[in-house]
Amino acid sequence: MPEFQNPLFLKTCCDFLEKEGRNELPRGLRGVSAIFGFYNEAVARAVTRRMKLDPHLDLVATALTSFTDILVNRGEGYAPKTEVIAAFEAILPSGGSLDKSLLSQFESEGVLAIELIRDDDDKIVPMVRFTFERYSDHAIAARLLREHLNSGDVKGSFADGTVLGGLVFGEEYYRVAGIIEAIAIQLPERCGVEIVDLRPEINWAIRQAFLDSLLWREQRFFTDRTFECLRHFENDDGIRDLLISVATEPDNKFNALYMHERLSARSMPERDANWSVFLNDRGSEDDPVEVVISWAMQNGMGAIDDDRAKLAAITLSWFLTTSHRAVRDKATKALASLFATRLTLAASTLRLFAEANDLYLRERLFAAAYGAALQGKTADGLSELAATTNALIFAAGEPPLNELLRDHARGIIAYTEFREQLPSTIDLMRVRPPYKSPWPIEYVSKATIESYKQNYNGAYYGDSIVSSVVNDGDFARYVIDHTIDKWAPAPIDAEDCPSAHSLARDWLEQFIAQASEEQLTAFEAVAEAAKACDGDLSYKETPERTALKAAEMTFQATLPPQEWEEYRVTAQTFVRHSLYSEQPHDYSARFNRGWGRRWICMRAHELGWTQERFAKLERGYSGDRHEHRVERIGKKYQWLALRELVARMADNLLFMGQGYGDERRAYEGARDVGLRDMDPSLLLTKTHYDGWKQWDRTWWVPVQPRLRQVEPLERLAWLDSDSDLLNDASLIDLTDPKTKRRWLPLHSFASWRQSGLDSDNKSMQRETWYRVTCVVVAKGDVAKAKEDLGSQTLVNPHALPEFHLDSSYFLGEYPWHPMLQDQDDWVEGDGWNGLSVSVRPTTSHYLSERGGYDYSVDETVRIELPAPWLAKAMGLRLQDGQKPTFVDAGGEIRFFDPSVIEPGYQAALVDRDAFLAMLDREGLAAIWVVAGEKGVFGGKDAYRGFGGRVLHTGIYTLETECFVRSMHFDREKPSAEQLEGLLGVAPNRGVPLAVRKGVMAAWHPMNLYTRGVRGCPFAT
């Protein structure tokens, strides 16, 4: 409601609530009439209290009614100030006192406004109006209906010659469109009659007033007749928009339950052809779909009536059928937000959709439930959610054939076990893979694929599914092949992975043992033709290759279709290229890509995609392998088929993982094959992270170099000075000025660049930056670690050991996930890192990039995280996905990335006292490395110009309350050509002698030195 965005309107309502001892609007407040009634009461109470009037006299309400009467009698929304003052003085004389003036009090409260308006005589006169136009319209409409509406003869009340008839159907109806809309809202609320039923012929203002009234009326007055009228005036998409807008209204009989009943009754293809296609055209700002999603995202964890929350969950769940990724992804996270404090609602919604005939929907519904649980907002209902998940997915031993759905369901139970809320009735052996599913998958013949035709301007070719999945489309090459390559064509319990040649030879042996004479003769012809090709791997057509193809066609004719497909998948490549090759190349066998592609194509069609139903609907979609915001509906069917195939392969085949080695791996789930496409636990859409932006000074980056444009010689002098060389303890010893809490950075990075013009060429001229990294060692290893690090230049971001968080993990899975807990986080010293002792990295980072397959974030999100061991040692957990900070058992923030909360550079900050106490308990010590550079660039030749770099590394330890530092410097020297590019002349010409000496001195070995921090004892 727009008025709730007006500070004056909000202030009056909130002040009234505060005076009444309430903290929210009354739960029964429904419809704009009731809201304005509440506002009217708030104004009356506020003014009555401030003027110390007797509330039993209703003087304020009487004055507002009197003002409304003046407006009605004048037929416009303004009244002369003199007339208004006279009316108010008759009700309550002010005696000239400002405090006793009703007009002044109403103006102060914001309900009335005084404006200067030019009258008919071209004079400027002060006029009074209601501040809020719609409030004025409703006040006038209520006054007119109260006086002129006969509830026993509603149509007669609007007949020609009546006040109401003249207003609504008169020639100047367009001047009072707002009042007509108010009547359209109040009329059904008063007497159950729609404004469009008053007369057979209506104008555009009445039609629009009726449509606008549908959202603003009290929703129990949205009747069957209302819906009939809506169908008459709106098209199908308009009706769907309206139904979505009222879907969360408990009192509207056409809410989400009505939607659910009708959508559930349809098959998936029928529903996709209208509902999902409709959703594919939504998702823009302010359309009903986006409004529901945004509302749930922002308010889902707040106070919402149970009935409304249930209806919102149903509505959002039906948004999950669409192939519009932005809508589907954001709806998933909106559900996660809504479920986060209502895990029992998550469980009941899963049960409601248990029989839904769309695994694309159910997969994301389980994702939302998992994302909600991972918020960690409550343990209430977590056991019920796990029990429901187990009953629906795992208890029978044959979970649905969708690997992502299984993955999310497994995650719910694993997290419930971690929270020690797992019901004892759940058998974890049934929850863990592998499961039972049919195998082998069906062979798909070439004829079957060729039957999937599509009309392209009168010519028939393979349809869009064939093009994408079989004919080397992007989906085939970059999704299918990449995924199914990770399994071997061997039983899941096989000891070893067979080679491709051994599988081919086994097939040939079995074939020869049972083949007919005709089949053997045909195969011998294939073998002879293959021998003539001499293992040629090229695609060039030769007489030998033509003969081979002909022999294969003859051989195919002797075999049953399935046996030919077995040959094609298992032995054809071997016979063609290796059987007679002098140097046959054997390799670890992998599942046949062509077989997988053809099966996915067939399965997508079996699920219901047909060119007759969807081809025309998909013509407006475009994109490439990098753009997936709105995918073809057919892509939905392709994804469903792929996830089914992966589920069946995971249940039955030997998992090998990435690469073509022959060492088997344990299959853990969808993470292992890159099947996860968005993170349902990350509920914010952006942070202040920007890897290139130069931020103003903040308390956690307490420096801000001011690099103005200077000449090349001054840049060289700057390089040789201490100016803007950022390396001291102030970068580590941090205090938040607001809270006075002390913090330590475990990681931070900040850089500043200065660009300018050299000979009309704009380029970077100077740069300075620093990076803070903290590692932990055993207390007894501090001295040796400092010695090892002190001799190194550590400006490379990977110079120190780091904990790498695989991008396949969800934010909410960090750091509790069993696979993360099992990792060894001590990094041994070796020749690569130059250390002789073991160290522990203290941070990691989470990254969710905008684009790809995830359209739930507005900008790339990067968040600094505590290393798993650190989180465990300090008892930290993620606060939630909207505020990804880390808190202790008492809910106190102990670790956070400030760029998540406020503008500034990214950093990993830990509570100083809590961190140091943990180190002391664990027998550990922290070492901070501050490394950075100063560099000079540009010049007359910006592409060649370079003046060198100063590389600095500081090693810091905290001893008592003081940081002790040792420093190491290095320099990168420019070549003569680079220096000439910077200066515009050869270094030995045109450069003052003193400057030349300074430049040369910079490279003197004595300038590679160490030094300490003033005010602290240290050893050089």
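The legends below describe close-up views of a helix contact and of several salt bridges in a predicted model.

**View 1. Helix H13 crosses helix H16.** In this view, helix H13 (residues 256–264) and helix H16 (residues 306–318) are shown where their axes come within 9 Å and cross at roughly 35°, and the crossing is left-handed. On the side of H13, the contact is made by Ala256, Leu257, Met259, His260, Leu263 and Ser264, while H16 contributes Leu311, Ile314, Thr315 and Trp318.

**View 2. Arg175 pairs with Glu172.** The side chains of Arg175 and Glu172 form a salt bridge, with an N to O distance of 3.2 Å. Arg175 counts as exposed because its relative accessibility is 56%, a value over the 50% cut-off for that class. Glu172, by contrast, has a relative accessibility of 45% and therefore counts as partly exposed.

**View 3. Glu541 pairs with Lys549.** Here the closest N and O atoms of the salt bridge between Glu541 and Lys549 are 3.2 Å apart. Glu541 counts as partly exposed, given its relative accessibility of 46%, and Lys549, at 39% relative accessibility, likewise counts as partly exposed.

View 4. The salt bridge between Arg894 and Asp911 has its closest N and O atoms 3.2 Å apart.

**View 5. Salt bridges with shared partners form one network.** Through salt bridges that share partners, Arg325, Arg328, Asp329, Glu363, Arg364, Glu631, Lys635, Arg643 and Asp677 are joined into one network. Side chains of opposite charge can pair when their charged atoms come close. As context for this view and for the pairs shown above, a search of the whole structure finds 69 salt bridges.

Definitions and conventions
Residues are numbered from 1 along each chain as its sequence is written. This is a predicted model: local features need pLDDT of at least 70, side-chain atom pairs count only at pLDDT 80 or more; totals for chains, interfaces and linings use all residues. Side-chain values use heavy atoms; hydrogens and water are left out. Axes are lines fitted to C-alpha atoms, for helices over the stretch in contact, and angles run from 0 to 180 degrees between N-to-C directions. Helices (H or I, at least four residues) and strands (E, at least two) are DSSP runs, numbered from the N terminus. A crossing is left-handed if the near helix is turned anticlockwise from the far one by less than a right angle, and right-handed if clockwise. Contact means heavy atoms within 4.5 Å. A salt bridge is a side-chain nitrogen of Lys or Arg within 4 Å of a carboxyl oxygen of Asp or Glu. Buried means under 20% relative accessible area, exposed over 50%, partly exposed in between (1.4 Å probe, protein chains only).
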